[in-house]
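Trainee: Before we discuss the fold, could you show me the model and its sequence?
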Amino acid sequence: MTSRSILFVGSIPLHDADAVFRALAVSVGAAAKRYPDGETGERTQFIRWQKSTFENHPDFELAAANADYTRGNDAIPRPFFALRAGIKPADVTIDSLGYAAVAVESYASFARLKEAGEIPAGVRFQVSLPTPVALVNGFVEESQRDDVEPIVEAAMAREVAAICDAIPHDQLTLQWDVAHEIIAADGGFPMHFGNGDHDAMVAMSVERLCRYLGMIPADVEAGVHLCYGDPGHKHVIEPEDLSTCVAFTNGIVEGAPRPLDFIHMPVPRDRTDDAYFAPLDALALPPETELYLGLIHLTGGAEGTQRRIAAAEAHVRDFGIATECGFGRRDPATVEALLGIHAVAAGG
């Protein structure tokens with residue numbers, strides 16, 4: 001059986017970072033090269049905890065309390081914010097998004113457990129970050145997204161810098177979570193760029209992702225998680241195949257100002273057909289970039305996972321394994337079983 005590396009995308013609904021680190025160490029050990037802190041507590045729901053960033057900012061006001069943002073399987077009413085009348089975007093600064101503060105706190109736990117020998121020596125600490133586009137698309141009134149995007153991007157750049165200043169680079173991995181962009185490219189969320197054209201959306205999203213990767217020092221590991229969402233354990237929209245993921249990946253690899261250490265692509269639980277994986281034939285990864293396929297699902301267990309692995313192997317042999325998305329919306333009682341499937345599928 002082929003031995004495969006494991007990637008944990010981000011959220012794991014256990015009590016705290018200590019519990020997450022210990023659970024990963026016991027279940028998979030060094031088979032995972034990177035451990036996230038699980039995005040526990042209010043962070044399990046991806047970007048929803050960022051509502052307070054806009055709600056408490058003096059330059060923003062609530063524009064719609066429960067906006068209809070139904071797209072595919074994402075039917076959650078959302079608050080949208082707008083700049084107050086008379087406020088110039090160039091004068092607005094978001095001082096903190098909170099990601100650096102949490103990362104520094106979690107790394108202290110990670111370092112302590114590693115020093116105690118509970119975390120394998122070669123494992124890095126992983127911080128998963130939403131793209132600025134996700135925050136803009138998720139919280140800002142559509143007519144103002146062009147104006148607010150540079151504000152949010154600058155704030156995120158400061159978060160990345162603070163994380164990299166506080167955590168040793170040889171212990172750190174940063175991952176960009178890319179959901180809104182890829183969903184929009186395939187006809188899901190409305191976006192403030194690209195005019196709904198698939199190729200334009202991909203190109204303009206890739207341009208942004210290359211900027212985001214450029215925020216990360218070259219000696220810090222950097223990865224990208226491509227995602228179609230996980231509301232109610234369903235995608236916002238269903239991908240037809242991996243062609244959009246491959247287009248994003250090839251564009252990032254070509255345009256990024258630094259090496260890409262890994263890329264993650266989702267695989268729906270019911271896709272073991274050749275058509276889904278066939279676009280991987282066009283994937284152009286350099287040797288230094290690891291591919292992870294998010295084909296582990298609790299549904300179908302280890303056997304279902306092996307069927308998806310076999311289908312992928314018809315088009316690519318060298319890849320690691322993961323779930324499609326974080327575990328954050330999952331019943332904590334199912335985490336142990338899901339981690340067990342990871343361990344079995346990793347083989348070796």
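Mentor: This is a predicted model, in which local features need pLDDT of at least 70 and side-chain atom pairs count only at pLDDT 80 or more, while totals for chains, interfaces and linings use all residues. Residues are numbered from 1 along each chain as its sequence is written, and side-chain values use heavy atoms, with hydrogens and water left out.

Trainee: Is Phe 46 buried, partly exposed or exposed?
Mentor: Buried means under 20% relative accessible area, exposed over 50% and partly exposed in between, with a 1.4 Å probe and protein chains only. Phe 46 has a relative accessible area of 26%, so the class is partly exposed.

Trainee: In which loop does Phe 46 lie?
Mentor: Helices (H or I, at least four residues) and strands (E, at least two) are DSSP runs, numbered from the N terminus. Phi of Phe 46 is near 55°, a positive value in a residue other than glycine, whereas most residues other than glycine have a negative phi. Phe 46 lies in the loop between β1 and α2.

Trainee: What is the relative accessible area of Glu 39?
Mentor: Glu 39 lies in the loop between β1 and α2 (51-55), and has a positive phi of about 45° although it is not a glycine. Glu 39 is buried, at 12%.

Trainee: Which strands stand at the edges of the sheet?
Mentor: The open sheet of seven strands, with parallel pairing, has the order β1-β4-β5-β6-β7-β8-β9, where two strands pair if DSSP finds at least two bridges between them. Each edge strand has a single partner, so one side of each is left without a neighbour in the sheet, and these strands are β1 (34-36) and β9 (320-323).
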